[in-house]
Amino acid sequence: METKKSRGSLTSFLFVLPYLIVFVLFLIFPLIYGLWISLHNWNLISEDHQFNGLQNYFQILKPGTAEHDLFFHGLINTLKFVVFSVPFLLIFGLGLALLLNSLPDKVKGFFRTIFFIPYSISVSIVAVLWLWMLDTNSGLVNQMLSKFGLGAIPWLTSESLAWFSIVLATLWWTVGFNMVIFINALNDVSEEMYEAADIDGATSVDKFRFITLPTIKPVLLFVLVTSTIASFNVYGQPYLMTRGGPGDSTEVLLMGIVKQAFTLREIGSASAMAVLMTLIIICISIFQFIFLNRKEKVS
């Protein structure tokens, strides 16, 4: 018996081993190495990487320094994108899931595939596609508007419209993923609960509020956290669609980190910015988890 258990444990470990190796090499090691670099005065053009402790972090948090301005300017723009995009990703994702669940089974799979297809496209293709559509001078949208006698709209050269365009492209690209997750969650809601609610005379709004939402709450929390993390890591859309413009109004935090690392060649302070960004994401995720579970804890 002991031999069989040992063989079973060894077999299980061997199955997990490839993933464990990849996890350590491409996540744990870069994370630890990046943290180590953030504690050094690490310049790309110098071989002397002097240890300076937390000095890079102090420089970022000290008002008036170039690192402080770059970090917090990018952080504010990133938070704007998170606030603008995440609610729509949740609302439209859940809305599409509810809509598709109400359709006949014969067409449900077709529309689910149609809405999910954009998620399989790379961010570079998505950005170029929307850049082609929204370009002020030669974009498809403005060309169509001109046929109705409307002037060109600066979709990517006006600050407010640039944010709108980036959020719109992101919504089109990623909402299908959230939709599929919500569809799976809705399929797990007991039909007996809906039938009992119908007998009691509950409206569709009542059933959604008191049955659907409480049942899919764990999935809702998962989608909220993952959407927030993904939006916080936004880079490709603003970089390819607006280049951080107009001016630097859409220059997000990751763009600032890349600029600090490869334009200014300050790898140490760039790594410190990345560490602080990670800590901010963790804090926001913890806050979301506590906020959504507050009612359960009280009861």
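Predicted model: local features only at pLDDT ≥ 70, side-chain atom pairs only at ≥ 80, totals over all residues.

Reader: What makes up the chain overall?

Author: The secondary structure comes to 14 helices and two strands. The C-alpha trace spans about 80 × 75 × 40 Å along its principal axes. Of the 299 residues, 37% count as buried. Take contacts between residues at least 6 apart in sequence: 66% of these join residues at least 24 apart.

Reader: Which residues meet where α7 and α10 pack?

Author: From α7 come Asn 178, Ile 181, Phe 182 and Ala 185. From α10 come Val 219, Leu 220, Phe 222, Val 223 and Ser 227. By class, this contact has seven nonpolar, two polar and no charged residues.

Reader: Why is Asn 56 called buried?

Author: Its relative accessible area is 9%. The cut-off for buried is under 20%, so Asn 56, at 9%, counts as buried. Asn 56 is found in helix α2, residues 55–61.

Reader: What does Asn 56 touch, leaving out residues up to four places away in sequence?

Author: Asn 56 touches Ile 37, Ser 38, Leu 39 and His 40, and also Gly 268, Ser 269 and Ala 272. A polar atom of the Asn 56 side chain lies 2.8 Å from the backbone oxygen of Ser 38. Trp 42 is 14 residues from Asn 56 along the chain, and their C-alpha atoms are separated by 10.0 Å.

Reader: How do you know that Gln 288 counts as buried?

Author: The relative accessibility of Gln 288 is 11%. Buried means under 20%, so Gln 288 qualifies. Gln 288 lies in helix α13.

Reader: What makes the pair Gln 288 and Thr 228 a polar contact?

Author: The contact joins their side chains at 2.8 Å. The limit for such a pair of N or O atoms is within 3.5 Å, so 2.8 Å meets the distance limit. Gln 288 also touches Leu 221, Leu 224 and Val 225.

Reader: What makes the phi of Arg 243 worth a remark?

Author: Phi is about 55° at Arg 243, a positive value, although Arg 243 is not a glycine. Most residues other than glycine have a negative phi. Arg 243 is found in the loop between α11 and α12.

Reader: Is Arg 243 buried or exposed?

Author: Its relative accessibility is 53%. Exposed means over 50%, so Arg 243 counts as exposed.

Reader: Why is Arg 265 called partly exposed?

Author: Arg 265 has a relative accessible area of 38%. Buried ends under 20% and exposed begins over 50%. The value of 38% falls in between, so Arg 265 is partly exposed. Arg 265 sits in the loop between α12 and α13. Arg 265 has a positive phi of about 65° and is not a glycine.

Reader: How do you know that the peptide bond from Gly 245 to Pro 246 is cis?

Author: Its omega is near 0°. Most peptide bonds are trans. Pro 246 has its place in the loop between α11 (236–241) and α12 (253–263).

Methods:
Residues numbered from 1 in each chain as written. Heavy atoms only, no water. Contact = heavy atoms within 4.5 Å. Helix = DSSP H or I, 4+ residues; strand = E, 2+ residues; numbered from the N terminus. Nonpolar A, V, L, I, M, F, W, Y, C, P; charged D, E, K, R; others polar. Buried < 20%, exposed > 50% of the residue type's maximum accessible area, 1.4 Å probe, protein only. Polar contact = N/O pair within 3.5 Å; in protein donor to acceptor, adjacent residues only side chain to side chain.
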